[in-house]
Amino acid sequence: MASGTSHRNITQQTGIGEISILLPALAQLSQGTQRLLFVNPPYIPYAPSLFSKGVNINNILVVQTDKLTEIVWAIEQASRSKSCCASIAWYAEANDQAIRRYQLALENQKILGVLFTKPALRKKNNPAPWTDIVREAQSQKWIEIPNRRRGGPISSIPLARLNH
Amino acid sequence: MLWTCINLPNLALDIFHIGADDNGAYVVTDSDHRTIIALNHQAQKVGIKTLMSLSAAHARSPDLKVHHRKPTHEINTLKQTALYLMRYSPHVSISIPNSVLIEIGASIKLFKDARHIHQSISQDIKRLGFNAVITSAPTPLAATWLTQCGVETLIHNKRELASHLDRLPLSLIKTQDNNPQAFQAVGMRTIGEIKNVRRASIAQRWGYDVLQQIDKAYGNTPDPQKLFELPQQFQSKIPLNFPATSVEEILFGVNRLIQQMCQYLSNTKRGVSCFKLNLLDENLNPHRYCLKLSSPSRDAKHLTHIVKERLNQESIPSRIEEIQINTETTESLSPESKNLFTDINSKSPNDQTLIDLLSARIGEGCVYGITTNPDHRPEYAWKKSSPSRQRQHHTIHNRPTWLLSEPKLLSTTSGTPQLRGPLTLIEGPERIETGWWDPHRVRRDYFLAMTQNQSRVWIYQDLPTRSWFLHGIFS
């Protein structure tokens with residue numbers, strides 16, 4: 001997963017794909033000196049589990065706030081400070097304006113940005129440059145990418161079962 | 001040894017003069033409120049002189065402004081000057097009533113040469129708004145005497161010093177009875193003349209102390225000075241001329257105080273990790289804010305930025321009349337040394353800035369790092385940690401990525417736990433039975449379970465009550 005772009009990740013419900021898709025990337029990014037920012041995570045990011053999956057948890061910084069303005073502000077500060085390599089944010093009700101501001105904050109910065117939102121917000125004029133939807137059908141997980149910059153929608157990709 | 005003496009001859013006058021407009025004659029009276037001890041240029045023009053009585057001065061200039069002398073204010077001003085000069089050398093001493101002595105000999109190499117320091121000090125004093133006589137000499141007493149005679153010079157060695165001292169008037173030497181005319185009766189006027197008199201006679205006639213002073217001035221005997229010590233904590237305040245009504249106006253004052261605080265911290269080679277800001281409103285009600293930092297700092301820009309973020313979050317009373325700042329905890333902070341090889345664990349200064357900014361706006365408890373904790377109870381196997389600390393961690397396998405802050409009670413249908421339909425147990429049980437030594441004893445059987453829509457969750461059965469709880473979510 002290339003950094004320098006922002007992703008908008010839509011999940012139907014917590015607990016079916018979500019962060020396990022990102023974990024290998026996070027484990028790799030966390031080995032440096034830069035921070036991984038977890039903004040408004042839905043539950044406690046469980047240190048023993050993350051550590052056993054190779055994430056350097058010394059570099060994790062959790063920001064607990066459920067106000068949209070503060071979430072976006074925190075991400076702006078993180079990308080401006082150049083001391084973060086990734087910012088993962090959870091906000092179910094993010095509106096287009098917030099997503100656009102979020103996108104602006106990350107543009108041209110060397111930072112991986114992921115925003116988890118609700119599927120109800122899926123619209124045609126989605127400002128995020130890349131959206132993927134993790135859904136579950138036929139006892140398998142599928143990743144759907146309805147929009148991406150420089151390219152049309154592509155068909156769903158079955159997600160290999162990830163081990164915990 | 002090279003001592004620089006900064007003599008402020010008009011100190012009593014200057015403390016009233018700084019920041020005030022300079023028109024009209026004004027004088028400063030002694031503690032008896034009658035005798036004039038200092039006066040400005042305009043007062044001199046109308047014929048007022050020092051030691052004149054106040055009534056005589058009023059007769060010459062009816063609209064004369066009169067200040068009473070403030071000795072404590074004078075000493076505080078000397079202390080501030082000493083603090084300011086500490087960047088040249090830690091050997092600073094205050095000489096009452098109106099001088100500051102600083103030993104610059106040890107700092108010559110750092111500032112290239114003595115003349116350079118000398119000039120730099122006089123520029124600094126001018127910037128502070130004082131009239132000063134500045135002289136450097138190999139002994140502190142010689143430097144003091146020279147400034148008292150108004151001589152501004154830089155004397156490098158003792159031989160050169162002797163020729164200067166020989167010409168100074170004898171009235172500089174303090175006798176036991178403090179009589180300025182003590183030496184006149186014997187027909188001597190300069191220090192050079194008395195130096196040629198037999199030592200025994202000097203001691204017999206004027207006391208041993210006079211001899212000591214001469215020896216100290218010429219550098220024949222050591223003259224240790226009581227060094228000025230920095231206060232343990234920094235404390236300063238600034239009254240605002242006009243009440244501040246916006247955060248920007250408050251920050252203007254805060255910035256000045258923070259500059260002073262950073263000067264203090266830099267002199268003590270320390271960084272502040274917690275400081276208090278107090279804003280007094282028009283009714284003198286205090287509004288206190290405590291600002292904590294993730295690691296000690298003395299970067300004025302950074303500290304001001306944190307105060308700004310914090311004040312933007314608070315509702316501030318409309319009219320602020322005074323701003324106070326004091327350091328709460330400081331830690332020693334040596335200047336950063338540069339390594340040839342970069343340390344992979346070292347964080348950039350940006351990192352600290354980011355953490356402090358986030359904490360200032362979102363709240364201290366809401367910005368944290370995470371760490372593992374050696375405890376078998378899942379809720380105690382992790383804890384929040386200070387983000388700037390590096391720690392060693394423990395590995396435990398088969399743990400979920402997410403943990404619920406409070407276990408959620410699950411309903412059961414004929415003994416099977418339900419979560420959006422019945423749950424299928426995949427792995428387990430893993431019995432965790434520990435914590436008997438404290439009130440949070442646990443006896444649980446943990447299972448990895450699968451929901452109807454393929455989500456994997458971590459549930460447990462509480463053994464004493466037999467109820468099922470959801471405790472974690474695997475991704």
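Tutor: Residues count from 1 along each chain as its sequence is written, and chains are lettered from A in the order in which they are written. In this predicted model, local features need pLDDT of at least 70 and side-chain atom pairs pLDDT 80 or more, while totals for chains, interfaces and linings use all residues.

Student: What makes residues of chain A and chain B count as a contact, and how many take part?

Tutor: Two residues are in contact if their C-beta atoms, placed from the backbone, lie within 7 Å. The contact takes in 37 residues of chain A and 45 of chain B. On the chain A side, helix 2 gives the largest share, six residues.

Student: What are the residues on that side of chain A like?

Tutor: They divide into 17 nonpolar, 15 polar and five charged. Asp, Glu, Lys and Arg count as charged; Ala, Val, Leu, Ile, Met, Phe, Trp, Tyr, Cys and Pro as nonpolar; the others, Gly among them, as polar.

Student: Why are strand 4 of chain A and strand 12 of chain B called paired?

Tutor: Strands are DSSP runs of E, at least two residues long. A pair needs at least two DSSP bridges; two join these antiparallel strands, so they pair. V62(A) stands opposite Y368(B) there.

Definitions and conventions:
Helices (H or I, at least four residues) and strands (E, at least two) are DSSP runs, numbered from the N terminus.
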